[in-house]
Amino acid sequence: MAERLQTERPHQTERPMIEIRNVTRSYGSFKALDDASLTIKEGEFFSLLGPSGCGKTTLLRMIAGFDNPTSGLISVDGQSMEGIPANRRPTNMVFQSYAIFPHLNVEQNVAYGLKRLRLERSEEKRRVEEALAQVSLTGLGKRLATELSGGQRQRVALARALVMRPKVLLLDEPLSALDKKLREQMQVELRRLQQAVGITFVLVTHDQYEALAMSDRIAVMFGGRIAQVASPKEIYQRPVNRQVADFLGGMNFVKAEIVEEDSASLVLDTLGFGRVKTDKPRAFVRNGGAATLGIRPERLRVLWDNATAKFEVAGKVVERHYFGEITHLIVEIPGLEKPLSVTETNDFGADDIPVGTSIRLAYDPEALVAMAD
Ligand SMILES: Nc1ncnc2c1ncn2[C@@H]1O[C@H](COP(=O)(O)OP(=O)(O)OP(=O)(O)O)[C@@H](O)[C@H]1O
């Protein structure tokens, strides 16, 4: 396993590539970014994720040098970026609106930034060809930008950034203009490309699935502040609060009371799930005796016929929604103020359960997550 991971991420190291230290960006009294601190490692695919207006583009633009912090420090590859203009930074940015020149062909577009390096013609050609191969556009060099599909144009924009061999590639919602299917295909390609070239990628996105699918780590942001930085799996399975949990897909929230607490675990009393012991999240800040217990809809499973489970809750189906391969059931549980949302595959007939049926749901206590609010 360790060997496989190494080949998958040959370039990732523990060395800090980008350091953000107490960075604030104010517009008058409004803080678009509020005291953000973050370390992005060499070779990492890192995403800044959050709703519109949370400050993610502001942070990306300051790393690129298109904007400056009101206070705080940004360094890239061990060097402070203070006073260093965008074109002298070891970073390159790919924009949402491809920003490629319609009157130039693909090769000329890709070679554009290289001109100021005054390379030998043969070297320039070699680098352009290499960049086109990296984004699977070999053979399309003579095409005009206007003769390309949206996906191909996005690749030209990528090649144009890669040809400069930056230490860090900054991507501002690069896939948001593409349709769903192409976007999903490009997500896989972008991830592969990042692993092949080994450059540190920083992606800005408001799409949680995109961030989960592509990133080594994610920073989730709200209102100018970083709420959580962790791997996709940890962010999804162990969100630090309701806001993060909610933003990363569906989550059932159950009111709980803290009855015991030590450094690593919590014992909670709930109405629907009884008394449960859970891991204590790292950033757990006690807010009196109340807490929230969360469980993802897909971690609740329908118990068929006489099957039993060590951990189960019983209730009644009040709504059923069909989504092709899965069905969403809304299940009322005595004692719970809100019904539970359950996602079940249709392999066993969840799509045929009549509304009004009494059912039992199994869960793994490992899937229960405690949150402070
Ligand atoms: N030049 C400016 N003057 C005043 N406010 C600004 C300026 N630029 C950005 N802001 C504000 O700062 C906040 C953060 O903006 P930012 O563009 O970083 O958000 P975002 O998370 O990238 O959102 P989106 O996904 O919509 O691009 C927003 O409330 C925005 O209105």
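Biologist: How do the residues of the shell around the ligand divide into nonpolar, polar and charged?
Modeller: In this predicted model, the shell around the ligand has 3 nonpolar, 7 polar and 1 charged residues.
Biologist: Which residues are they?
Modeller: Around the ligand are Tyr27, Ala32, Gly50, Ser52, Gly53, Cys54, Gly55, Lys56, Thr57, Thr58 and His206.
Biologist: And which helix gives the most to that shell?
Modeller: Helix α2, residues 56–64, gives the most, with 3 residues.
Biologist: New topic. How is the chain divided?
Modeller: Into domain 1 (2–237) and domain 2 (250–371). Their centres, taken over C-alpha atoms, are separated by 38 Å.
Biologist: How many residues has the largest nonpolar core?
Modeller: The largest nonpolar core has 90 residues. Those with the most contacts inside it are Ile63, Val110, Ala159, Leu170, Val202 and Val220. Helix α5 (residues 150–162) gives the most to this core, with 6 residues.
Biologist: Where does this core lie relative to the domains?
Modeller: Domain 1 and domain 2 both give residues to this core, so it lies between them.
Biologist: What does leucine 170 touch?
Modeller: Leaving out residues up to four places away in sequence, leucine 170 touches Leu60, Ile63, Ala64, Thr91, Asn92, Met93 and Val202.
Biologist: Now threonine 270. Which strand is it in?
Modeller: Threonine 270 is in strand β12, residues 265–270.
Biologist: Why is threonine 270 called partly exposed?
Modeller: Because threonine 270 has 19 other C-beta atoms within 10 Å, and a residue counts as buried at 20 or more.
Biologist: How far is threonine 270 from glutamate 325?
Modeller: They are 55 residues apart in sequence and 32 Å apart in space, C-alpha to C-alpha.

Terms used:
Residues are numbered from 1 along each chain as its sequence is written. This is a predicted model: local features need pLDDT of at least 70, side-chain atom pairs count only at pLDDT 80 or more; totals for chains, interfaces and linings use all residues. A residue is near a molecule or strand if its C-beta atom, placed from the backbone, lies within 6 Å of it. Helices (H or I, at least four residues) and strands (E, at least two) are DSSP runs, numbered from the N terminus. Ala, Val, Leu, Ile, Met, Phe, Trp, Tyr, Cys and Pro count as nonpolar, Asp, Glu, Lys and Arg as charged, and the others, Gly among them, as polar. A residue is buried if 20 or more other C-beta atoms lie within 10 Å of its own, exposed if 12 or fewer, and partly exposed in between; C-beta atoms are placed from the backbone. Domain bounds come from an automatic or database domain assignment. A nonpolar core is a set of buried Ala, Val, Leu, Ile, Met, Phe, Trp, Tyr and Cys residues joined through C-beta atoms within 7 Å. Two residues are in contact if their C-beta atoms, placed from the backbone, lie within 7 Å.
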